Amino acid sequence: MARIEEYGHDLPTEKDAVKAFADLVGPKVAEGLWGLAVQSLGLQRPVQSPADLRRVAEHVMEIGELSRVAGRSLKVRIITYEALARTVQS
Amino acid sequence: MRSTARLRDVARLGLDRELHRDYLGDVVDTVAAAMDTPFALVDILLDDAQVILAGHGPVPEWVAEAGGTPIEWAFCGMLLFGSQARAVPDLAADPRFRDNPLVTVEGFRSYVGAPLFSSTGHVLGGLCALDTRPRAFPDDDLVFLAEMADEAVRRIELHATPPP
């Protein structure tokens, strides 16, 4: 059975997420919208758990077109990590 | 990869949305049958991930759950550069792909893909066929795949998610 290390895929961090978001909408907008999403979900920064990052990604997806694309990308990366962690050996 | 004009086109068509797209099932089934490959996919290239809109063949469980993969594992990523149908007869021998976990762990060995061009000229993603053995794909396979990619886009544009 494959081991998760063989995939070389780490859990995305909040820093990774905001950076990717900033590449699409600009750093100020990304930082602002991310902060508002975290706040409206009642979370604290830095967001660390995969479940919370996924909630923020889903929230960001509701903001606008490019945000939706960035949020969906983040969601795929988080679920990939979670699914690999569950279905292959650690 | 992160061209905002291209990604806006992806969003315009709603291709980042998590929807079931029955209308692409015939396309991937036809491609797999014609190419004699166990796998065929329609995938969309987002900024940091690829998402799979339709697939033929048993994709790995974790890919099905995520609905895609990280962008760095997307074989169709190369279609953004060159914009024509491409084949890789042995992924394990190609320096661009030999360390890709879809090759090293999941065992994909050969690839052929054609870009999905939107009506506004952006590459949305790819229509591809994959095999678990190294093999060559003749030129007429590339021509066929390009035609099928155009048909996939015609269906995508026809079913585009209307703006809210």
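Strand β4 (residues 86–88) of chain B pairs with β5(B) in the antiparallel sense, over 3 bridges. Strands pair here if DSSP finds at least two bridges between them. Helices (H or I, at least four residues) and strands (E, at least two) are DSSP runs, numbered from the N terminus. The model is predicted: local features need pLDDT of at least 70, side-chain atom pairs count only at pLDDT 80 or more, and totals for chains, interfaces and linings use all residues. Residues are numbered from 1 along each chain as its sequence is written, and chains are lettered from A and ligands numbered from 1 in the order in which they are written.

On β5(B), 7 of the 8 residues (110–117) are buried, so the strand is largely enclosed by the rest of the structure. A residue is buried if 20 or more other C-beta atoms lie within 10 Å of its own, exposed if 12 or fewer, and partly exposed in between; C-beta atoms are placed from the backbone. β5(B) also pairs with β6(B), again antiparallel, over 8 bridges. There, B:Gly113 is bridged to B:Cys128 of β6(B). The hairpin of β5(B) and β6(B) has 5 residues between the strands, and B:Gly121 in it takes a positive phi near 90 degrees.

These strands belong to an open sheet of 6 strands in chain B, in the order β3-β2-β1-β6-β5-β4, with antiparallel pairing. β3 (68–70) and β4 of chain B are the edge strands, each pairing on one side only. Neighbouring strands are turned by 25 degrees against each other on average, direction ignored. Axes are lines fitted to C-alpha atoms, for helices over the stretch in contact, and angles run from 0 to 180 degrees between N-to-C directions. β1(B) and β2(B) (residues 49–56) pair antiparallel over 6 bridges. B:Leu45 has B:Gln50 of β2(B) as its bridge partner. α4(A) packs on the sheet, touching β2 and β3 of chain B, and its direction makes about 75 degrees with that of β2(B).

Helix α1 of chain B spans residues 4–12, with B:Arg6, B:Leu7, B:Val10 and B:Ala11 buried. Seen down the axis of α1(B), its buried residues fall within an arc of 140 degrees, so they line one face of the helix. The arc is that of the directions from the helix axis to the C-beta atoms. Their cover includes α1 and α4 of chain A, together with β1 (39–45) and β6 (123–131) of chain B. B:Gly14 follows α1(B) and has a positive phi, near 70 degrees.

The contact between the chains takes 23 residues from chain A and 23 residues from chain B. Two residues are in contact if their C-beta atoms, placed from the backbone, lie within 7 Å. On the chain A side, the elements giving two or more residues are α1 (14–25) and α4 (65–87). The largest share, 15 residues, comes from α4(A).

Chain A has 4 helices and 0 strands. Its radius of gyration is 14 Å, close to the 12 Å that the globule rule gives for 90 residues, so chain A is as compact as a globular protein of that length. The radius is taken over C-alpha atoms; the rule is 2.2 Å times the number of residues to the power 0.38. Buried residues make up 39% of the 90 residues in chain A.
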